[in-house]
Amino acid sequence: MPATKSRIQGFTLTELMVTVSIAGIMLALAAPSLRAFILDNRLASQAAEFTGALAMARSESGKRNSRVVVSPAASGFDGGWRIWADTNGNSLLDTGEAVLRIHEELHGNTLTDNGAAAPIVYLPSGFIDIATGSSRIFQLCDSRSSEKGREIRITATGRVNI
C-alpha cells in the first residue's frame, strides 16, 4: 500500500486575527446597550421589591387586625426598610413587637419620598395613616438622568402604583 501524506486542516494566524477583531468590534458595540439593560432591570426589580413589601404590609395589617409599619433605615428608605407589627399603636418599634421583614439597602439607586422618610403605617382596614385625599410619592432613581427613574405612588387607600 502506498503511503499517503495526510494534510492537517486548521486556521491560519491571519484568519484567527480577523475573527478575533470582528468579535471585539461587535462586543464594543453591544457593551453600552448591555449597561443600560442592566440599569433598567435593576430599577424595575427594586421598584418591584418595594411595592411587594408595601403589599405585604397591607396584607399583614388586615390579617393581624393591627397596624403594620414600614419604616426606613436610619439613612432613609434607600438604606433599607423594616416591616413590623405595631401592636401598641405608637409607631415605634418596641420590644416584643414582631419584625416581619427586613430589607437591605438599595445598591446603586436612591429611593426618596415626599414624606421626609417618615414611616408608612398601614391600618387594619388596609388604608395608610395619612390625610384623606393625600398620597405618598417615592422616586427611585439611578445615576442616569431622572427620566429613567420610577415613581411609586401610595394613595390614602393603601394602593400602590408605579
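This is a predicted model: local features need pLDDT of at least 70, side-chain atom pairs count only at pLDDT 80 or more; totals for chains, interfaces and linings use all residues.
Residues are numbered from 1 along each chain as its sequence is written, and side-chain values use heavy atoms, with hydrogens and water left out.

**The core**
- Trp81, Phe50 and Ile120 have the most contacts inside the largest nonpolar core, which has 21 residues (buried Ala, Val, Leu, Ile, Met, Phe, Trp, Tyr and Cys residues joined through side-chain atoms within 4.5 Å; buried means under 20% relative accessible area, exposed over 50%, partly exposed in between, with a 1.4 Å probe and protein chains only).
- At least two residues of this core come from each of H1, strand E1 (67-73), strand E2 (76-86), strand E5 (120-122), strand E6 (135-141) and strand E7 (150-155) (helices, H or I, of at least four residues and strands, E, of at least two are DSSP runs numbered from the N terminus).
- H1 gives the most, with 7 residues.

**Gly80**
- Gly80 sits in strand E2 and counts as buried because its relative accessible area is 1%.
- Beyond neighbours within four places in sequence, Gly80 contacts Ser71, Pro72, Ala73, His103, Glu104 and Glu105.
- Gly80 and Leu111 are 31 residues apart along the chain, with 9.3 Å between their C-alpha atoms.

**Met17**
- Met17 belongs to helix H1 (residues 13-64).
- Met17 is partly exposed because its relative accessibility is 47%.

Notes
Contact means heavy atoms within 4.5 Å.
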